[in-house]
Structures are given as C-alpha cells and as structure tokens.
Amino acid sequence: MAHPAPVSDLPDPSVAELLAARPHLTMHAQDGLVLEGVPLKRIADVVGTPAWVYGAGTMRARLAQLQAALAGTNAHLHYAVKANDHIAVLNLMARGGAGADVTSEGELRRARAGGVAAQDIVFSGVGKTAREIRLAIGEAIGQINVESAAELEVISAIASSMGRTMKVALRINPDVDAGTHAKITTGKADNKFGIAYEDAQAVYARAAELPGVEPVGLALHIGSQILSIAPYRAAYARTADLVRSLRAAGHTVSRVDCGGGLGIGYRDDPGAPVEAFAGAVRATFNNLGVQVMVEPGRWLVGPAGVLLAEVAIAKGTAETRRFLVIDAAMNDLVRPAMYDAYHGIVPLSAADAAAPTELVDIVGPICESSDTFARDRTLPRLAQGARVAILDAGAYGAVMSSTYNTRPLLPIVMVDGDQWAVVRDRQLHEELWAGERIPGFFGT
Ligand code: LLP
C-alpha cells in the first residue's frame, strides 16, 4: 500500500487553518498564542526556550471523547505509556479511568509511580527480559501480552517458581497492512511482532497446559498513525475468527486487546474517525462476549503538546533559500528527521502570525542535514528572536529525545485551564556527565 504523499505535494495549512483544527489553541491580539487558558509567551518568558508544554485539559477531554465513542462496547482503555511517559500524564489518565499499556521495566515502574493500579497494567513488548517478567508477576499486573512461543515458556517457568499464575494474552500477527509509515507498521507477517496467525492455535493450546500461566485471550497491534478504519476491520475480523476456532477447540477466550494506532491530523485534517473505529470494535466483538481492551497513545496526547522554540538566526533570502535556525533540534523532537513527519508551526505573537508569508526552511543547530523541522514551509515572516510553537508534539516528542551534542533534556510545563506548573526541570549540563569517570589508569 502507498505511503502518504511526500510533504511537498500538499499545500501548507495557514496559521488560521492550523488553529481552526485545534480548539485548545487560540490566537489573541495581546496575549498571542494561548494553550487552553495560558498565553504561551508567558511560559516562554519564565522557563525559556526550548520547552515542552502539555495541556492537561486537552488530554482529559480527548480521553473522555474516546471513552464516549466506545460507550456502546465493553472496551476498556489502556493508555500506551510510550507515547508520553511523564508521571503527571499517567496520573491524569489513571484519574480518568484508563489503565496503562507498558513496554519495559521503566514504563511499568513509571505507571505505578503515576498512580496506575497494578491490575490495570498490561505489559506488551517484543523482548521482555526475565527480570522484567519477574517484576510484572511480582507486582501482580493485569496481563502480559506474549509475543512468542519461547516467551510463553519463560513466563510459565518464572511464574511457577514464584508460586503465581499470570494471565496472558497471545499477541498474534494478523498479517494486515495498516498503510502507514514503514518504520511504524507492525501487523505484517514479515515484521518482528507477535505470533504468526497460523501458529496461534498451537501456542494457545500449549499455554492452556503450562503451569503458571492462564491464557485469557488474544492481543494485536497493527501499527501507528492509522487514519482509516479498513485495516482495523480486516485485522479484527481475522482475530474474531481465531477466537471462534479456539473456542471450538475447547479453550476459554475472554479478552481481546485491540492495540492502539489511532492517527491524528498533523495538518488541518481531522485524524482517525474514532466513532467509526468504535463502530468496528462494536460490530466485531460485541456479540462475541469478550472483554475488549484498546491501547491508544498518540491520539490521546499528541495534539495536546507543543514544543516552544525561538529563532536563533535567520539567514539567506527568499531568492536563494531562507533558513530559520531555531534553538530546538532533532535531539529534542526527532519525528521530522526520523519519519519525515509534518508538524505545524505557529508564531507565539499575534503580530508575527499576521505578517506576510514567505517560503522557509526551519532547521535546528545540529551539524547534520537531517536536523530539519520543515523544508519549503510557507510561514509568516519571522525575525531573529521570534518565538514559535511546533504543534502536535505531545506524543513521541519528549520520550524520544536524546542528549546528542550534549544538549540537556528540556523542561516540561503542564497547563490546565488557566493554571500552569513546571513539571520537569531543564536538565543541567553537569547532570549529563555526572555518572562518567576518567579511568585511573589514564594516569594523573
Ligand atoms: N500498543 C502497542 C503494542 C504499541 O507498540 C504501540 C505503539 C501502541 C500501543 C500505541 O500506538 P499509538 O496509539 O500511539 O499509535 N515513534 C513513532 C510511533 C511508534 C509507535 C510504536 N508502538 C512516531 O513518532 O510516530
């Protein structure tokens, strides 16, 4: 299936179009760009740039919207922690009634630190270590999604040695193309995820006879940033078929974990139709009598976050090529460099937003060409010192940051209506090498 059209083939939405598609962001004559009820320039003045800002009210509203769409199903949401793992975000999700989908020891510990109850945690992950499995069983989490026959044996052995029985679901690979970017598709037979569809029956039978594990159902996840419902329908139909044949063989199948992947609109498009998604869940699973789980990450938090940055240097002219070098870089937000991802960019000042437009490249200061946020982007003319918000950075933003070029991790601010608080400090340079040592044998 074709990948999305190259960025340059689509016209850039204007600032007004970007904002119209994002009701949590508004432009005010005096205050400039406002997230929920807080002017972003006020935050930039206090914490400096670059900085992440998340809207708690926006995340909460999106959670409620998805829960409402799924109301006619018996689906329960497990927020995919990998999208944004800040403990305040996890706490917000838990307060809103969502469990957590974790993929590592670190995420499991974070979910607990954020206030997620152990029984509301599902552990997915392609290469869980024995140590991670032991932790999950010790914490008595709700379910482990098993990725292979080999992993099933390991879980059984560890749980038995601990005198416990762990509920497991088998992650099957439905061999469906989600039509998304090649680096984030996961449901095709030729990628590394899950148990081959044809082998699932035999592995389920093995799980049923092994000590220490109780097979409760199936899990799947076909990819990320999925914008149409057709691949979900196809994958769910195959899953439902498998549930029926497992039951015909005498097995108990009481849960299906439908995975995540709901896409968002990075331009002025609406994103995945969640009502239609809920309709597919309802149509496939309601009459099957299974407890359904859904694991969205991006859809819940992506639009709620922005990355604030300042133009450090403006160089070149429209006739040659005009570059705006900003103080944020690919180490902070890697998605454009890694996936050619499109992120809208909006000035923080109303006057800047109203300036005549020009064609620019927005780049970071790191010495590689991939450190580019936007190429040939139509933007209001911005001078040195102008500040911007890079949109839809709430998912796979801060979590994917590195400290390349010895650039410290950025501060995080949480807005909630008209309140705001710094919820992570800017990392100090000294913290970056605090654990490093010059070996004694180098001499004095
Ligand atoms: N469940 C499982 C088993 C997953 O592997 C993932 C994401 C999710 C749920 C959540 O998917 P979401 O609803 O957020 O699409 N870094 C990439 C995205 C990688 C997604 C990996 N798996 C990006 O920036 O686009």
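Visitor: Into which domains is the chain divided?
Guide: This is a predicted model: local features need pLDDT of at least 70, side-chain atom pairs count only at pLDDT 80 or more, and totals for chains, interfaces and linings use all residues. Residues are numbered from 1 along each chain as its sequence is written, and side-chain values use heavy atoms, without hydrogens and water. Domain bounds come from an automatic or database domain assignment. The chain splits into domain 1 (15-55 + 302-432) and domain 2 (56-300).

Visitor: What separates the centres of domain 1 and domain 2, and how many residues are in contact?
Guide: Taken over C-alpha atoms, the centres are 32 Å apart. Contact means heavy atoms within 4.5 Å. On that criterion, domain 1 brings 29 residues and domain 2 brings 25 residues.

Visitor: What area is buried between domain 1 and domain 2?
Guide: Buried area is the accessible area (1.4 Å probe) that two parts lose on being put together, summed over both. Carbon and sulfur atoms give 57% of it here. The total is about 2200 Å².

Visitor: Which residues of domain 1 lose the most area to domain 2?
Guide: Three residues together account for 25% of what the domain 1 side buries. They are Tyr-339, Tyr-342 and Tyr-396.

Visitor: Which residues is Met-93 in contact with?
Guide: Neighbours within four places in sequence are left aside. The partners are Met-59, Leu-63, Tyr-79, Ala-98, Leu-300 and Val-301.

Visitor: How many helices and strands are in the chain?
Guide: Both are DSSP runs, numbered from the N terminus: helices are H or I with at least four residues, strands are E with at least two. The chain has 14 helices and 21 strands.

Visitor: Why is the chain as compact as a globular protein of that length?
Guide: The globule rule is 2.2 Å times the number of residues to the power 0.38, and the radius of gyration is taken over C-alpha atoms. For 444 residues the rule gives 22 Å. The chain counts as that compact because its radius of gyration is close to this, at 23 Å.
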